[in-house]
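Open the model in your viewer and keep the selection tool at hand. This short tour says what to select next and what is there.

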Amino acid sequence: MKIHEYQAKAILKKFGVPVPDGEVVTDASQVTAACGKIGGNVFVVKAQIHAGGRGKGGGVKIAGSVDEAVEFTKQMLGMKLVTHQTGPEGKEVKTVLIEQGINISRELYLGIVIDRVSSRPVFMASEAGGMEIEEVAAKTPELILKEQVDPAVGLRPYQARKLAFGLKLTGPQVRKAEKFLLSLFRAFQENDCSLAEINPLVVTAEDDVLALDAKMNFDDSGLFRHPEIAELRDLNEEEPLEIEASKYDLNYIKLDGNVGCMVNGAGLAMATMDLIKLAGGEPANFLDVGGTASVERVSSAFKILISDKKVKAVLINIFGGIVRCDRVAKGIVEALKEVQVDMPVVVRLEGTNAEEARDVLDHSDLKFHVAATLKEAAEMAVKALAN
């Protein structure tokens, strides 16, 4: 689960991570009072959406007065902010964060992610703050520092100092960075985060170390321990089909292609998407119906899949293990009875009760393209797009 920048900063502040003073507004009439609370003469006006690259899209502006902050807020609220992460449709801005202006000396990058290989949290830090870390990794990987953390003991002070020195911090900056890093890791660990990113992490002219921006993602499986964080979920920022899929505990992620995929098992789903790409097509989604799919669940999954207007063909790839192929077939038939489908549907079923599943499809009076292998299924689905 993702949250907004202002929400992430509120959490970090509770753990002692220094952040700029700021106020959240949802209407331009609230700006003057907000600036009064913050104080000073320079303000940063920041649109709040779940996407990076806001500054390049006009979602971050520096105001030299209260009146200018009011004007920038009027411009942002209600706008469709387009960044490289939102796609061309953009995201509507409904909330704006106003912060105090900071006298920035240096911009750095800091992030914590889970290393899937070592199964440990890892700090990534770089002197190239304010940039896309993917771009830094591709062009100047030597600028990225990494420090793995043993979750049993947490980040140790010597590791924090090692990162601080690696970022070429000096004098009082090192001590403040050490405290910052230890507090950030505690916030990451105690809230079951999957990502904590500070970009940029800034050093001020006064040698303070602050989180100028903040992004936090949370492990959905751990949210039952954090109901206060679950309440921060903003459904307006999420894909409607993904929200609908979550009601049925379906693992669904919308993509930009036109071949809809329904598969059981994450690994098989990834392989299916790869073969669609190799056949010259583009997958429209990742959809894993899981290993204990009921007829109702499969039917719901199919309806969600074809609700995507970009989908022009469907590939159903089921390997019957825990889930029986005939149960999946019945779910597909039930869905097709309720929803008008005017696109080719390719089905590949193997494993438990595969023969029974084929009988269900054959006696349904519905049209399916049945494939014997996954490669054949992918090729059939892509070829059907041209017809």
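Buried means under 20% relative accessible area, exposed over 50%, and partly exposed in between (1.4 Å probe, protein chains only). This is a predicted model, where local features need pLDDT of at least 70, side-chain atom pairs count only at pLDDT 80 or more, and totals for chains, interfaces and linings use all residues. Residues are numbered from 1 along each chain as its sequence is written, and side-chain values use heavy atoms, with hydrogens and water left out.

Select D207. It is in the loop between β10 and β11 (209-211); strands are DSSP runs of E, at least two residues, and helices runs of H or I, at least four, numbered from the N terminus. D207 is not a glycine, yet its phi is positive, about 70°. At 25% relative accessibility, D207 counts as partly exposed.

Next, select D192. This residue is in the loop between α6 and β10.

Now go to P200, in strand β10 (residues 193-204). The peptide bond from N199 to P200 is cis, with omega near 10°.

Last, select helix α5 (residues 157-166) and helix α6 (residues 172-190). Their axes come within 9 Å and cross at roughly 125°. Axes are lines fitted to C-alpha atoms over the stretch in contact, with angles from 0 to 180 degrees between N-to-C directions. Contact (heavy atoms within 4.5 Å) involves, among others, P157 and F165 of α5 and V174 and L182 of α6.
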